[in-house]
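Here are my notes on the chain you sent. Keep the structure open while you read.

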Amino acid sequence: MAALDTPMKLLVVEDETKTANFLKRGFGEAGFVVSVAPDGIEARRQIEAGSFDLIVLDIMLPGVDGWDTLKWLRGAGLGTPVLILTARDEVTDRVRGLELGADDYLVKPFAFSELLARVRTILRRPPVREAATLRVADLELDLDGLRATRAGRRLDLTGREFKLLSLLARRAGEVLTRTLIAESVWDMNSEGDTNVVDVNMRRLRTKVDDPFPEKLLRTVRGVGYVLESPEGH
């Protein structure tokens with residue numbers, strides 16, 4: 001592989017100090033700039049504070065584990081490549097990781113040469129550009145222009161309401177919990193008071209659903225909310 005003109009930035013999320021130091025040294029010697037986070041909370045802080053070209057993510061972390069970290073990352077619409085590096089070697093774990101949006105999955109113990117090759121392979125892939133427009137039934141979101149229309153009519157949304165609606169539209173047909181919505185839209189990192197979600201969903205519904213005969217926003221009692229086409233259920 002040709003030398004990189006600009007060092008790429010990796011985030012290693014690993015709670016075992018010995019392993020984290022080994023990875024930081026190995027990737028550093030390979031020409032990467034490496035940051036380390038010992039848990040999901042610190043990983044999220046670093047991701048929100050800066051950008052990374054790839055994240056190496058352990059699953060069994062204290063507090064916020066790797067599954068929840070990956071869910072938050074993809075729920076927030078962040079497409080940063082993720083390579084899961086974990087001792088969990090069950091097929092069900094591999095499938096779960098890939099379904100949640102991981103780009104690769106490597107089981108410990110591992111050979112660093114293989115890990116490095118996998119990281120380089122992922123980074124050589126062309127970036128996947130997110131669709132500039134999301135559509136659900138007659139609802140259309142212009143992600144570049146931050147505009148939302150329904151049946152051709154412009155919806156007057158605040159910035160936060162647009163972020164909330166775009167999260168629901170990206171995962172249309174999927175029931176999103178109040179906690180996940182709160183984490184993705186309001187940066188709440190605990191299962192605290194998510195009443196703010198209910199209040200803002202009511203406001204969003206008055207703009208997205210109330211003026212139209214067909215309703216797209218649905219409450220799933222005791223769980224959360226889903227945006228879906230009327231014929232989707």
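1. What share of the contacts with a separation of 6 or more joins residues 24 or more positions apart? In this predicted model, such pairs account for 56% of those contacts in the protein chain.

2. Next, the overall build. The protein chain has eight helices and 12 strands. Its C-alpha trace spans about 60 × 35 × 30 Å along the principal axes.

3. Now the surface. The protein chain exposes about 12200 Å². Carbon and sulfur atoms supply 50% of that area. Of the 233 residues, 43% count as buried.

4. The chain carries 34 positive and 37 negative charges.

5. Then go inside. In soluble globular proteins, nonpolar side chains tend to be buried together. Here, the largest nonpolar core holds 29 residues. Those touching the most other members are L141, L165, L168, I181, L204 and L227. At least two core residues come from each of β6 (133-136), β7 (139-142), α6 (159-170), α7 (178-186), α8 (195-208) and β12 (224-227). Helix α6 gives the most, with six residues.

6. A second, separate core has 19 residues. Among them are I47, I59, W72 and Y105.

Methods
Residues numbered from 1 in each chain as written. Predicted model: local features only at pLDDT ≥ 70, side-chain atom pairs only at ≥ 80, totals over all residues. Heavy atoms only, no water. Helix = DSSP H or I, 4+ residues; strand = E, 2+ residues; numbered from the N terminus. Buried < 20%, exposed > 50% of the residue type's maximum accessible area, 1.4 Å probe, protein only. Contact = heavy atoms within 4.5 Å. Areas by Shrake-Rupley, 256 points an atom, 1.4 Å probe, with all protein chains shown as cover. Lys, Arg positive; Asp, Glu negative; His and termini not counted. Charge placed at Lys NZ, Arg CZ, Asp CG, Glu CD. Core = buried A, V, L, I, M, F, W, Y, C linked by side-chain atoms within 4.5 Å.
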